Amino acid sequence: MHIGMVVRHFSSSSIGAVQRCAYELARRLKRDGEECTIYTNGAEQKSYTFRGIEVVQLNPSRFFEQAARRTEDLDVCHFHGSTAGCVRFVRHAHKKPVLTIYDAQPRLGELLNLRLSHLLEGRMLKVPSYW
């Protein structure tokens, strides 16, 4: 199975909490025999390997559109980010992505921007357990 982790910002020199979660999940899935790729934005738009995981940089100005297009043929697409980022990604996604929201307090207005059809199609929101 090929799994794509979509993270808006991912840098090998500075890893924050969201990036750490995406990387750790990819690392553990790879250890269990799955193929994982991290898609992120980057001005250089290159591919490289970070601690055994392939990282693909996409054009920052068209990140959500390109990430959706690059992950449409994968078995699973998992977006990690803010409520606003999840909403923007879902609008471009061709498949049913897994969404993990890391906002401390998601804004209801942003969640309401998800179309009812997304919920009816089974696209789900996964929120951290500390809420």
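Hello everyone, and let me start with the ground rules. What you see is a predicted model, where local features need pLDDT of at least 70 and side-chain atom pairs count only at pLDDT 80 or more, while totals for chains, interfaces and linings use all residues. Residues are numbered from 1 along each chain as its sequence is written, and side-chain values use heavy atoms, with hydrogens and water left out.

Let's begin with the overall layout. The chain has 5 helices and 7 strands.

How much of the chain is buried? Of its 131 residues, 43% count as buried. Buried stands for under 20% relative accessible area, exposed for over 50%, and partly exposed for what lies in between, with a 1.4 Å probe and protein chains only. The chain exposes about 7300 Å², and carbon and sulfur atoms supply 50% of that area. These accessible areas come from the Shrake-Rupley method with a 1.4 Å probe, and for residues only the protein chains shown count as cover.

Next, contacts, meaning heavy atoms within 4.5 Å. Among contacts in the chain with a separation of 6 or more, 53% are between residues 24 or more positions apart. Alanine 17 lies in helix α1 and is exposed, at 59% relative accessible area.

Now to the inside. In soluble globular proteins, nonpolar side chains tend to be buried together. A nonpolar core here is a set of buried Ala, Val, Leu, Ile, Met, Phe, Trp, Tyr and Cys residues joined through side-chain atoms within 4.5 Å. The largest one has 17 residues, and Val6, Phe63, Phe79 and Phe89 have the most contacts inside it. At least two residues of this core come from each of β4 (53-58), α2, β5 (76-81), α3 (83-92) and β6 (98-101). Helix α2 gives the most, with 4 residues. Apart from this core lies another, of 13 residues, and Cys36, Tyr48, Phe50 and Val55 are among them.

As for helix α2, its buried residues are Phe63, Phe64, Gln66, Ala67, Ala68 and Thr71. Their cover includes β1 (2-7), β2 (35-41), β4, β5 and α3.

Strands β5 and β6 deserve a look too. They pair in the parallel sense over 4 bridges, where pairing requires that DSSP finds at least two bridges between two strands. Glycine 81 stands opposite isoleucine 101 in β6. Together, β5, α3 and β6 make a right-handed β-α-β unit. Right-handed says that, with the strands pointing away from you, the path from the first strand over the helix to the second runs clockwise.

Last topic: salt bridges. The rule is a side-chain nitrogen of Lys or Arg within 4 Å of a carboxyl oxygen of Asp or Glu, and the count comes to 6. Arginine 27 bridges to glutamate 24, with the closest N and O atoms 2.7 Å apart. Why are these two separated by about one helical turn? Because they are 3 residues apart in helix α1 (residues 17-31). Arginine 27 is partly exposed at 31% relative accessibility, whereas glutamate 24 is buried at 18%. Glutamate 24 also meets arginine 28 in a salt bridge, at 3.6 Å from N to O. Arginine 28 is partly exposed, at 44%.

Helix α2 (residues 63-71) has a pair as well: arginine 69 and glutamate 65 sit 4 residues apart there, about one turn of the helix. Their closest N and O atoms are 3.6 Å apart in a salt bridge. Arginine 69 is partly exposed at 39%, and glutamate 65 is partly exposed at 31%. Back in the other group, shared partners join Arg20, Glu24, Arg27 and Arg28 into one network of salt bridges.
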